[in-house]
Structures are given as structure tokens and as C-alpha cells.
Amino acid sequence: MSERKMPLLREAAQVLGKDGRIFSNKMLYLALHASGKNEQDRIRRRANKLVETGEFVRVSRGQYSYNARAAPAENAAVVTRMWRTLKTSKPGFTVQELARVSGAGYSYALKYLRALEEGGYVRRCGQQKQTALYQITNKVREQHHAFQPPSLFIDPFQKEKACLHELVGLFMQHDLHQPRIKEQVAEQCKTILNRFEEQNADVC
């Protein structure tokens, strides 16, 4: 699993661990499509770090519950930390570096940089392999308060992603022969299917 997918670990855990449910490393591997040993090792290491921060609570070996109170805030405070990080960043920084130093998730850092680029606060200054490099403009130096673009944290597929992780939990934790579980599986699948059928209709 690439670095840019690592923030999805938190998203998967939030759904799999909803309502105090226990989830496992195996469920995280499945939810994040981690089939190789290297990818699975990285997920385990990341899970161990989240245990240290208190966001994951280890129940037994390879099994956890999710502590939402220890999760980083996904609001204006995240933007403020990214803004402060930008002010001290040297030319040639990456999305990954902004996310790591500020403590924001990769997806939020990427959205923020795109909004900043559109607003003229940052510009691209090169590329390293497949990774874009950025530098701030004078607009960042001259502005004291953090730039807060509207609707930064709205994920258009948030509902469908939650359904996908819910399906993983149903398949891994429940008896699929039970009528109630069958109904829940069908309901989650219908939600995902309806969304993409609507998109195909719009395209046609």
C-alpha cells in the first residue's frame, strides 16, 4: 500500500470499529486491499503507532477497538496546523511532507494544497519522479490568518466508502446465512450501486 493510501487506515477503522465493535489486522488488510506482505507489515506498524496515541485500543493480539476521542480533529484546527507548516516550508515540499509535519491526513493535505494553488498561495516548482513539488508565494507570507477554503472536508464518496467498510465488517464478523445480515449486505450494496448507476446515467 502506498503512503497516500495510509490515511484510509483511519477511515476504515472508524467504520469497522463503529459502536465499539472489535476489528482485526486481517479486516484492515481486506478493507485496504493489502495482499502483499510489505503492505500488511506497513498497516501493522501504523496500527501500532495508533495504539501508542490511544486512537486504537488493543483488545488482543491483532485486534482493536476504535477510540474516536483520540482521533485528530478534522476541522479548522487541521487547516491552521497546515498553514503554519506552510509558512516554515522550504521550496520543494510535497503533499506527503505537509501531511506528516502538520499531522493532517494525506487526503486533507492534498485538498488544501489544491485549494491554495487555485487561490495563488502556492505554485508548483518541479517534480521528483511522480511527485509534485511546491513552494509558497508572497500571499502566504503576507497573510497572518490561515486560508480556510469552503467545503474543504466534504468527500463526495464518503457515504459509499462507509458502505464498503461496513460490508467488510459484515463479511468478516457475522454469519452470512442469517437473514438480518443478508438484508444488511444487500442494503449496503444497493447504496453503492445506486450512486454509480446515477453517475452512469448522467454521463449517458
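Student: What is the accessible surface of the protein chain, and how much of it belongs to carbon and sulfur atoms?

Tutor: The accessible surface of the protein chain comes to about 12,500 Å², and 51% of this belongs to carbon and sulfur atoms; the areas come from the Shrake-Rupley method with a 1.4 Å probe, and for residues only the protein chains shown count as cover. This is a predicted model, in which local features need pLDDT of at least 70 and side-chain atom pairs count only at pLDDT 80 or more, while totals for chains, interfaces and linings use all residues. Residues are numbered from 1 along each chain as its sequence is written, and side-chain values use heavy atoms, with hydrogens and water left out.

Student: What makes up the protein chain in terms of helices and strands?

Tutor: The protein chain has 9 helices and 5 strands, where helices (H or I, at least four residues) and strands (E, at least two) are DSSP runs numbered from the N terminus.

Student: What makes Lys18 and Glu166 a salt bridge?

Tutor: A salt bridge needs a side-chain nitrogen of Lys or Arg within 4 Å of a carboxyl oxygen of Asp or Glu; because the closest N and O atoms of Lys18 and Glu166 are 3.5 Å apart, the pair meets this rule. Lys18 lies in the loop between helix H1 (7-16) and strand S1 (23-24) and Glu166 in helix H8, so the pair ties together parts that are 148 residues apart in sequence.

Student: How do you know that Asp41 and Lys37 are separated by about one helical turn?

Tutor: They are 4 residues apart in helix H3 (residues 37-53), and therefore about one helical turn separates them.

Student: What makes a nonpolar core, and which residues have the most contacts inside the largest one?

Tutor: A nonpolar core is a set of buried Ala, Val, Leu, Ile, Met, Phe, Trp, Tyr and Cys residues joined through side-chain atoms within 4.5 Å. The largest has 25 residues, and those with the most contacts inside it are Met82, Trp83, Leu86, Tyr112, Leu113, Leu116 and Val122. The largest share of this core, 7 residues, comes from H6.

Student: Why does Phe171 qualify for a surface patch, and what is its place?

Tutor: Patches are made of residues with over 30% relative accessible area and no salt bridge, like charges being joined within 9 Å and nonpolar side chains (Val, Leu, Ile, Met, Phe, Trp, Tyr) within 5 Å. Phe171, in helix H8 (residues 158-173), is partly exposed at 47%, so the area requirement is met. Together with Leu30, Met172 and Leu176, Phe171 makes a nonpolar surface patch of about 340 Å².

How values were computed
Buried means under 20% relative accessible area, exposed over 50%, partly exposed in between (1.4 Å probe, protein chains only).
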